[in-house]
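Me: Got a model here that I'd like to talk through. Can you take my questions one by one?

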Amino acid sequence: MHLPNSAARHLFLHHHALTEPRHGPAKGADLAALIDRIGFVQVDSITTVERAHHMILWARRHNYRPPALKSLLEQNRALFEHWTHDASVVPIALFPQWKHRFARDATRLQGNWQRWFRDGYEAQFDTLLNHIAAHGPVSSSDVGIGEARGKGGWWDWHPSKTALEWLWRTGQISVTRRDAFRKVYDLTENVIPPEHYRRDTSAQDHRDWACASALANLCFGDETEIARYWHAVDKPAVQDWAQREIAAGRLIRIAVEQADGSTRPALARPDLPAQVQALPDTPSGLRILSPFDPALRDRARIERLFGFHYRIEVFVPEAKRQYGYYVFPVLEGTTLIGRIDAKADRSSATLRIRAFWPEPGLRPTKARHAKLARELDRLADFANCTTCAYAPDWQRNPLTLVR
């Protein structure tokens, strides 16, 4: 089967809830179902406009407001926070699968952490577990009294903070809530509902889940993309799974047209043609995406499918940035049309639009600018700003990227 590029982009975005109206419900069970559909929501602290996890959900539901996510995490326990490729919010039903990750991380990270962090954290494991059991949840600011505090940057933690992170990564404690974005930990059995905490899965079931769920979220993908999705299995494991699924008639091989006209082999379910036929009309709306949107997670895949080269420049020295510190991709229909540099100035309740760079070949029509302006007004409202202010030179020319 040959999957045209236009259909591939549409299908992929549809699975990520980016091709449908944004006026749907955005709290409670409806929000939990949305997160289950898109797989995960990455958590990030940067508040240039709003934190990434909130922008991810707002891009799909304009009715979304941050307290709805907090309720699902901290009261309903429909979600839990842990590591995918980074810290993320994940459906609670997946917790049994994370038990395999806990065991892997305990083995994989031990040597690295001994090199990366100052000595003494391993001696704090039992002390911290006993303290939490006796006195309840703690954050990193509640422990390590008298320990040397690092001055070497984000990762120069005091031993007790390192120990808390280790115990979290290996599943012995869990995030019960966040206070001013600081993680507060409790014993895992006090956070995860019993029906999920007690359930186990076999190693084979875990491998099958990792492959099948990755493909479900990707719609189509090769073995490398499937392995990379959860970072739960390696490529040989995906190849073994694929051979079994193909033999059973549950998987087919297809050719996916890329943005440059070339084709790339991929795996897909046999009902892919029916999925394509059932797609809704191509949307005409415009969305401003978080740099950490799950649809953009695999930057190489996005460049192949959409012809859109994107790198976040937070850690790039200012003088060497091509665009800006934290620049948002802009999606129109099924095309990534550019990127925008915007920042919420909360002292004046103003969303400041510094620059918009269209992709090469994009026509700067009045209709497109009007759609962008409307979406920026909505974004301003979401960020509790009352107005948008545009820099005099905000409409930029496309840049030639250095790849």
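**Pocket, helix pair and sheet**

By class, nine nonpolar, three polar and nine charged residues line the second largest pocket (Ala, Val, Leu, Ile, Met, Phe, Trp, Tyr, Cys and Pro count as nonpolar, Asp, Glu, Lys and Arg as charged, the others, Gly among them, as polar). Mind that this is a predicted model, where local features need pLDDT of at least 70, side-chain atom pairs count only at pLDDT 80 or more, and totals for chains, interfaces and linings use all residues. Residues are numbered from 1 along each chain as its sequence is written, and side-chain values use heavy atoms, with hydrogens and water left out.

Me: How are α6 and α7 placed to each other, roughly parallel or roughly perpendicular?
Reply: Take α6 (residues 125-135) and α7 (residues 159-169): their axes, lines fitted to C-alpha atoms over the stretch in contact, lie 9 Å apart at an angle of about 75 degrees. Angles run from 0 to 180 degrees between N-to-C directions, and 65 to 115 counts as roughly perpendicular, under 35 as roughly parallel, over 145 as roughly antiparallel and the rest as oblique. So for α6 and α7 the word is roughly perpendicular.

Me: Which residues of α7 does α6 meet?
Reply: Contact means heavy atoms within 4.5 Å. From α6, Phe-125, Leu-128, Leu-129 and Ile-132 take part. In α7 they meet Ser-160, Ala-163, Leu-164, Trp-166 and Leu-167.

Me: In β12, which residue is the bridge partner of Glu-332?
Reply: β11 (residues 327-332) and β12 (residues 335-345) pair in the antiparallel sense over six bridges; strands pair if DSSP finds at least two bridges between them. Strands (E, at least two residues) and helices (H or I, at least four) are DSSP runs, numbered from the N terminus. The partner of Glu-332 is Thr-335.
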